[in-house]
Amino acid sequence: MADLINLIENWIKNLLLGWGASAGLTGFILQALGSVLVVMVCFAIVIVLIWVERKLAGRLQDRFGPNRAGPYGIFQSFADMIKIFTKEYVTPAGAEKGLYNIAPVLAMASVLAIWAVFPFAVNVIGADIHVGVLYIVAVGAFGILAILMAGWSSNNKYALLGASRSVAMLISYEIPMVIALLVPVLLSHSMKLSVIVEAQEPWFIFVAPLAALIFSISSMAEIGKAPFDLLEAESELVAGYHTEYSGMKFGMFYVAEFLHQFTVGALITIFFLGGWTGPMAVRWPILGVIYFYGKSLFIYLVISWIRLSLPRIRIDEMLDLNWRFLIPVSFVNLVAVAIADRVMMEFTLARWIYVLVMFGMNMFILWAALAIAEKNDQAVEREEFPPRPVAVPPGVDSK
Amino acid sequence: MLNYWLYIGIFLVVAVVVPLVAVLLPVLIAPKKPSARKEEVYECGIESKGNVRIQFKSQYYIYALIFLIFDIEVIFLFPWAVALGELPIFAVVEGVIFIAILFAGLIYAMRKGALAWS
Amino acid sequence: MVPIIIFGLSALITLGAALAVVTNKNILHSAFYLVLAFAGVASLYVLLEAPFIAVVQVLIYIGAIAILIVFAIMLTRRIGSDDLIQRNAQWIWAAMGAAGLFLVLGWIVYSVNWPVVTQIVPEDTITILGQELLSTYVIPFEVASVLLLAALVGSIIIGRERE
Amino acid sequence: MTIPINWYLLVAAGLFSIGLYGVLSRRNAIGILMGIELMLNAVNINLIAFWRYLDPVRMTGQVFAIFVFTVAAAEVAVGLALVIAIYRNRDTIVIEEIDLLKE
């Protein structure tokens with residue numbers, strides 16, 4: 001069989017059992033090896049991604065990007081790594097040492113912890129728990145906590161301001177994100193990630209495009225990069241909550257940000273793009289792993305593309321987008337999907353009719369929401385900025 | 001079932017230990033020349049004045065508060081979404097009523113201007 | 001053996017962190033110790049085979065309540081400083097009362113013979129939970145939403161700054 | 001070997017007592033709220049322990065625990081809003097100094 005991963009697992013298991021280890025210890029060692037492998041792959045991906053991202057950014061902005069270290073600058077990340085590992089730590093005077101040092105580790109750990117429950121292929125699943133979706137949401141809480149810790153302990157006004165802004169934004173956008181996540185849960189009747197992946201016939205992006213859109217927007221905000229990079233708006237807040245961090249402690253926040261973006265790609269893949277499924281993925285589990293990482297990388301690049309193209313939005317616009325648009329729309333969408341799904345379950349419909357109805361309904365809600373939002377927006381605009389002739393200076397009565 | 005959680009426990013330990021090692025490594029190999037100048041708090045080059053722990057807007061608190069309420073709502077909705085397939089069709093209506101009541105809260109907050117950034 | 005070790009660690013973390021919460025001089029540090037105590041309780045829930053409650057504990061207590069408390073402390077910053085005495089005059093009586101209560105509770109816990117059943121927990125507790133929530137407990141389910149609405153409206157009215 | 005129910009109950013009793021001490025000994029209103037949170041957590045441990053050992057097939061214990069979460073959240077939201085409102089008006093949240101009704 002081409003089941004390479006289980007082959008290796010069984011080989012290690014038999015080897016350990018052959019050495020006289022007990023079954024419990026063998027299981028423990030296998031689990032430890034598995035988790036170390038997943039974590040290491042995450043780090044390896046980030047090292048590659050930093051180069052990819054910089055090259056892509058350069059190309060999109062009509063520059064070369066890194067091109068000195070090695071062919072096409074592919075060793076740039078390694079040069080950066082050597083630099084950052086040999087950099088001195090500067091702890092600001094008056095910092096609260098304990099919280100200050102825990103924060104970067106916690107920020108990284110909270111992103112890594114999400115990877116514990118991912119299904120990588122048909123039989124390569126992390127922890128296939130019944131509360132997988134909620135676990136993913138819950139673990140994110142530690143990231144928010146890490147930001148608060150960093151901001152408070154740095155003894156710096158900019159860091160504290162940046163942290164409180166970041167947290168306000170993160171918790172605001174978590175609401176539409178979680179409500180959008182309810183839609184795949186509702187459609188697959190399970191919070192188990194493996195069940196959600198296998199229930200996607202066709203992919204949920206076709207059944208629930210609106211939920212996918214809302215989830216993507218709000219999790220892009222959760223990443224905290226452009227166009228939602230208000231937390232480190234250089235011109236206003238210096239560098240946000242990690243202003244006072246240097247060397248590898250800053251590096252941890254930086255790496256966590258990159259990994260978070262890739263993790264968001266993986267989450268969108270799992271919930272809306274069918275996870276590891278693809279041609280021949282059931283027979284050849286190794287293909288499933290490739291599909292999973294490939295799709296995640298694709299989403300990652302799309303997110304990068306979007307954020308390299310759009311300017312930063314203002315904080316009031318951003319909060320308005322969330323509270324006045326995303327949250328109401330996600331609620332309406334959830335209710336509509338729940339009713340439609342349950343009602344159509346009563347009749348035995350062909351799958352394609354079901355998908356078509358769902359897709360049409362989603363599109364209608366999106367259209368209606370945009371129409372209403374546009375109308376409100378125009379009303380607000382007219383009130384605040386009444387139109388006036390172009391050639392007349394302000395203050396002069398044009399009539 | 002607990003086996004999975006053991007894996008998660010191990011994973012969490014690994015997820016904390018690996019960044020910890022990465023953060024501790026420079027302590028061994030990086031130079032260390034602390035000076036009072038270097039450790040000054042950064043504030044665009046000028047000296048920092050006054051209490052650093054500035055008081056910030058209560059608007060942030062309002063956001064956190066609404067977030068808490070909706071978080072609680074979500075924990076009711078997840079079991080609802082999971083069990084919906086095996087419940088009578090009336091259960092959808094119950095869930096919708098639940099959502100509608102809280103949606104009224106959101107509308108109220110919006111009307112009161114509690115969500116606006118001033 | 002493994003569950004007992006994990007139980008011991010979780011109990012130790014929970015109780016140690018809880019003690020730090022009530023005795024720490026810096027109220028903000030108390031809040032972060034509170035997070036640790038919540039995390040310890042969450043791992044106890046996992047050991048009790050209630051994973052849903054465990055993740056909800058993390059989601060609600062750490063993800064929302066702890067953050068709300070930290071925000072409130074930052075908003076009322078003067079009390080966050082170390083120089084304010086955080087303990088009142090009758091703390092010694094409070095300590096004795098709490099210790100007495102613990103002794104009484106401990107005595108009850110050990111003297112009662114708890115009627116334990118040996119049924120195992122069903123595989124998928126969440127589906128059952130959802131079904132019970134929407135059939136047996138449907139009235140509390142709706143009332144919970146009214147309670148949340150009341151809390152939302154009430155705290156917005158109280159907490160908002162008046163112009 | 002399974003863990004006996006007494007151990008969980010003992011941990012919950014300890015947590016409850018610590019929380020009670022916090023409520024009684026803190027001068028700071030937010031500190032008191034933290035103590036109450038600890039006590040509510042102790043209650044929840046008991047609920048889940050009894051659910052696990054007495055009636056694991058039905059979900060009554062878990063449902064109760066969820067309602068305790070709800071009440072705890074509502075209590076924190078309103079309680080902290082009150083604390084902030086008092087702080088804004090009286091510039092203190094030391095409980096002994098909030099004694100308008102005494103005078």
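Predicted model: local features only at pLDDT ≥ 70, side-chain atom pairs only at ≥ 80, totals over all residues.

Start with chain D. Along the principal axes, the C-alpha atoms of chain D fill a box of roughly 55 × 25 × 20 Å. Of the 103 residues in chain D, 56% count as buried. Of the chain D contacts with a separation of 6 or more, 49% are between residues 24 or more positions apart.

Now chain C. Here we have six helices and zero strands, in the pattern α-α-α-α-α-α. The box for the C-alpha atoms of chain C is roughly 55 × 40 × 30 Å along the principal axes. In chain C, 46% of the 163 residues count as buried. For contacts in chain C between residues at least 6 apart in sequence, 55% join residues at least 24 apart.

Next, how do these two chains meet? The contact takes 60 residues from chain D and 72 residues from chain C. On the chain D side, the elements giving two or more residues are α1 (5–25), α2 (29–54) and α3 (60–90). That side of chain D divides into 42 nonpolar, 12 polar and six charged residues.

On to the helix pair. Two packed helices are described by the angle between their axes and the distance between the axes. For α1 (residues 2–23) and α2 (residues 27–47) of chain C, the axes come within 8 Å and cross at roughly 155°. That angle makes α1(C) roughly antiparallel to α2(C). The crossing of α1(C) past α2(C) is left-handed. Residues making the contact include C:F7, C:I13 and C:V21 of α1(C), and C:Y33, C:G40 and C:L44 of α2(C). By class, this contact has 15 nonpolar, five polar and no charged residues.

Which residues of α5(C) are buried? They are C:T125, C:I126, C:T127, C:L129, C:G130, C:L133 and C:L134. With seven of its 10 residues buried, α5 (residues 125–134) of chain C is largely enclosed by the rest of the structure. Its buried residues pack against α2 (58–83) and α3 (90–112) of chain B, α3 (51–75) and α6 (138–159) of chain C, and α3 of chain D.

Last, the backbone. Most residues other than glycine have a negative phi, and most peptide bonds are trans. The peptide bond from A:E201 to A:P202 is cis, with omega near -10°. A:P202 is in the loop between α7 (193–198) and α8 (204–207) of chain A.

A:D62 has a phi of about 65° and lies in the loop between α2 (23–60) and α3 (76–85) of chain A. A:D62 counts as exposed, because it has 6 C-beta neighbours inside 10 Å. C:E49 has a phi of about 60° and sits in the loop between α2 and α3 of chain C. C:E49 is partly exposed, with 19 other C-beta atoms within 10 Å.

Notes:
Residues numbered from 1 in each chain as written. Chains lettered and ligands numbered in written order. Buried ≥ 20, exposed ≤ 12 C-beta atoms within 10 Å, placed from the backbone. Contact = placed C-beta atoms within 7 Å. Helix = DSSP H or I, 4+ residues; strand = E, 2+ residues; numbered from the N terminus. Nonpolar A, V, L, I, M, F, W, Y, C, P; charged D, E, K, R; others polar. Axes fitted to C-alpha atoms, helices over the stretch in contact; angles between N-to-C directions. Parallel < 35°, antiparallel > 145°, perpendicular 65-115°, else oblique. Left-handed = near helix turned anticlockwise from the far one by under 90°.
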